[in-house]
Amino acid sequence: MKYIGFLLLCFISYNAFSQDGFSEFETYPSFSECSEIDFSGEEACFKNTLKKMVTANFQLPAKVSEENYKGEAIVLFEVTKEGKFEVLYIDAIYLELKDEIQRVFEELPTISPATFNGKPAYAQFRFPLKIPIGYTEMLSPSTETATANETKSVQKKNALTEYDSIVSEPFISQRNSSNLFVPLSHERYNRFDAEMNRVGNNSHTATKPYLYNEVSKYYDFDAEFEQGKTRDSWLGRKIWNEHLVNFQGENYWFTGDVVLDLQIGKDFQSDVAFTYNNTRGAIFQGGLGENFNFYTVVFESQARFADYFNRYAESIGPFGGNPAVVPGRGIAKEFLDDGYDFPVAEGYLSYKVSDFFDVQFGHGKNFNGDGYRSLLMSDIASPYPYLKFNTSFWKLKYTNTFMSLRDVRGEVVEEGSYRTKYMANHYLSLNLTKRFNLGLFESVIWQNDNGRGFDVNYLNPVIFYRSIEFSTGARGGNAIIGITGKYKLSDQINLYGQWVIDEFSTEKVFGGNQSWKNKLGYQLGVKYFDAFNVPDLYLQAEYNQVRPYTYSHNSIVLNYGHNNQSLAHLWGANFREIIGIARYRKDRIFGSAKVIYGKRGFDFDDGSDDRYYGGNIYRSERDRAFEDGVKIGQGNTTTTLFSEVEAGYIINPVTNLKVFGSLIYRNFNPQVNTDLIFKENTVWFNVGLRTDIFNWYYEY
């Protein structure tokens with residue numbers, strides 16, 4: 001047990017008498033004797049009064065006195081929001097000492113609690129107690145007059161205590177005002193979507209993930225975390241309301257947490273006994289100074305999914321022997337007979353340069369748009385390296401993102417290595433009125449050919465790239481442009497949309513021949529917050545369609561994809577779909593329902609027809625089936641009905657740990673059955689425990 005105690009001291013020890021952890025918006029706990037003391041004297045008064053009361057009431061146990069023990073006991077305690085003293089842990093050599101210290105602290109009076117942003121707050125402390133009271137360690141014998149050698153000896157002793165002096169101050173979370181991202185989860189973002197979209201807000205909601213300091217302007221994270229608090233014990237707080245490990249120094253802080261995604265389920269149409277996902281990981285995040293933050297998360301996963309999902313993962317498998325790419329996660333190797341093993345790591349550094357500029361450099365995902373889907377940049381693909389610059393002032397926000405992507409197909413591999421390509425995105429968001437937002441998007445992809453590497457032409461931060469693409473040659477890059485819009489009819493109803501243009505020929509458009517060159521797509525949607533005046537009931541309807549051959553290119557490396565996955569819509573192109581979503585939350589209980597109906601066009605893979613019908617963005621346009629008369633759903637026309645119901649309980653809102661159950665129904669009905677595309681019904685049930693910090697998409 002003493003080793004457990006040592007670990008506790010390492011992870012939750014706090015400096016009892018340090019004022020550095022409190023800003024001008026915070027106060028120390030206060031005894032009645034300190035009620036008239038000004039702010040600058042609060043720390044000293046709390047320190048001195050506590051020492052006085054403890055020493056006055058402390059009675060040295062007989063056994064300790066008989067054995068003439070001299071040493072130190074360490075007390076970890078907190079002052080609750082109600083102003084009560086609560087002992088968390090005592091490190092002392094005698095059980096009698098622990099009992100006496102516990103008694104003394106139980107008899108301390110109720111005091112005024114610490115405050116943060118004007119609200120009562122918990123404050124934790126570390127209190128060293130010399131035994132016997134008043135005992136101080138003596139220096140080695142020496143002459144009565146201090147000499148230079150004695151002074152050096154004292155200095156050396158002070159230096160040797162430097163390590164032990166590094167202890168945490170009272171931990172008051174700074175994450176909510178930091179430059180860290182709110183993890184990109186649909187259910188998580190839904191909690192503050194209404195507040196971000198009130199009429200009159202100058203927020204920019206299409207660039208995700210959001211920074212905590214952006215959302216905190218409109219949403220009270222602290223109030224959310226207060227719901228259903230359980231603080232009966234240290235273990236209870238760690239499970240229900242706090243980070244597992246936290247530390248706060250003079251000008252830095254960090255937290256550490258365990259990540260879990262443990263699921264078990266059943267695909268009722270499969271011969272396999274059960275499905276599962278076994279993900280373990282760890283998150284480490286924090287801040288250095290006021291403007292610099294860091295975040296890293298590492299996952300180790302083994303899984304087996306429903307049959308249709310497994311087939312899709314294997315159909316996009318990489319060159320080199322690994323059997324699959326797990327959508328949204330990454331390249332997987334075999335695990336047992338029919339499972340996958342796929343480690344994933346994400347992380348970033350974030351720095352606020354000034355009130356107008358911030359920058360992030362990391363490995364993760366990005367999203368552009370206000371809908372469930374994005375036709376511009378989505379989070380459905382694997383993580384990738386990126387560098388992002390945000391400029392915010394007046395009524396606009398301008399985001400520049402530079403990415404390094406990979407093509408992992410055998411036909412493009414060079415010397416056994418995956419092909420590298422690069423992408424640069426610009427997105428300009430402008431609040432034209434307090435109700436209407438307009439966004440302009442452009443993206444260009446180029447490949448690392450002829451030793452070209454990262455082309456400095458695309459570092460130009462000014463919209464648009466199309467002229468640069470032409471100036472660097474016919475195969476210089478693949479440019480895509482887009483327009484987004486959002487209109488707030490009221491605080492409850494928002495309309496939104498997107499329009500993506502991969503290639504556009506006015507002659508072909510107005511000629512009415514449905515040319516393949518008209519590579520376009522659009523989205524229309526509506527959100528209804530507090531629907532029918534029911535608090536936290538959210539309804540959403542969305543329509544998406546993308547014409548055939550959009551996102552593809554005649555230089556097949558220049559498609560709009562990464563790791564054999566689309567960077568926009570998970571269906572690629574040549575589809576239309578309608579989506580209905582309902583979400584509800586009551587305190588920590590949540591539930592959602594989703595229905596998706598779509599029409600898609602696949603290529604035939606039965607050997608009878610090898611033409612390209614426009615759905616698979618990884619094929620070359622040169623293999624297209626038609627010049628004119630191109631229609632959505634052409635090829636092996638397939639209808640899809642997908643529905644999902646999920647309900648659960650948020651165990652810890654700080655880490656977003658949840659217990660949940662879900663039921664998926666999928667009806668897949670192609671015109672022609674082939675080896676990969678065939679008629680199928682799936683009912684897939686899952687239960688699990690999950691730290692919800694990224695989105696799973698199963699609508700393939």
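Before I show the first pair of strands, let me say that two strands count as paired if DSSP finds at least two bridges between them, and that strands (E, at least two residues) and helices (H or I, at least four) are DSSP runs numbered from the N terminus. What you see above is a predicted model, in which local features need pLDDT of at least 70 and side-chain atom pairs count only at pLDDT 80 or more, while totals for chains, interfaces and linings use all residues. Residues are numbered from 1 along each chain as its sequence is written, and side-chain values use heavy atoms, with hydrogens and water left out.

Let me start with the protein as a whole. It has 700 residues, of which 53% count as buried, where buried means under 20% relative accessible area, exposed means over 50%, and partly exposed lies in between, with a 1.4 Å probe and protein chains only. There are twelve helices and 32 strands. If we take the contacts (heavy atoms within 4.5 Å) between residues at least 6 apart in sequence, 66% of them join residues at least 24 apart.

Now to the strands. How many bridges join strand E20 to E21? Eleven bridges do so, and E20, which covers residues 419-431, runs antiparallel to E21. A hairpin of four residues connects the two. On its other pairing, E21 is joined by ten bridges to strand E22, residues 478-488, and this pair is antiparallel as well. Strand E21, residues 436-447, is mostly covered, with nine of its twelve residues buried.

A second example is an open sheet of three strands, in the order E1-E4-E5, with antiparallel pairing. Its edge strands are E1 and E5 (119-121), each of which pairs on one side only. Strand E4, residues 114-116, is joined to E5 by three bridges, and Phe 116 stands opposite Lys 119 in E5.

Next comes the disulfide, which here is a pair of cysteine sulfur atoms within 2.5 Å, and by this rule the count comes to one. It is formed by Cys 34 and Cys 45, whose sulfur atoms are 1.9 Å apart. Why is the disulfide called left-handed? The torsion about the S-S bond of Cys 34 and Cys 45 is about -90°, and therefore the disulfide is left-handed. Cys 34 lies in the loop between strand E1 (26-27) and helix H2 (42-57), whereas Cys 45 lies in helix H2, so the pair ties together parts that are eleven residues apart in sequence. Both Cys 34 and Cys 45 are buried.

Finally, let us look at helix H10, residues 307-315, whose buried residues are Tyr 308, Phe 309, Asn 310 and Ala 313. Among the elements that cover these buried residues are strand E11 (292-304), strand E30 (636-652) and strand E31 (657-670).
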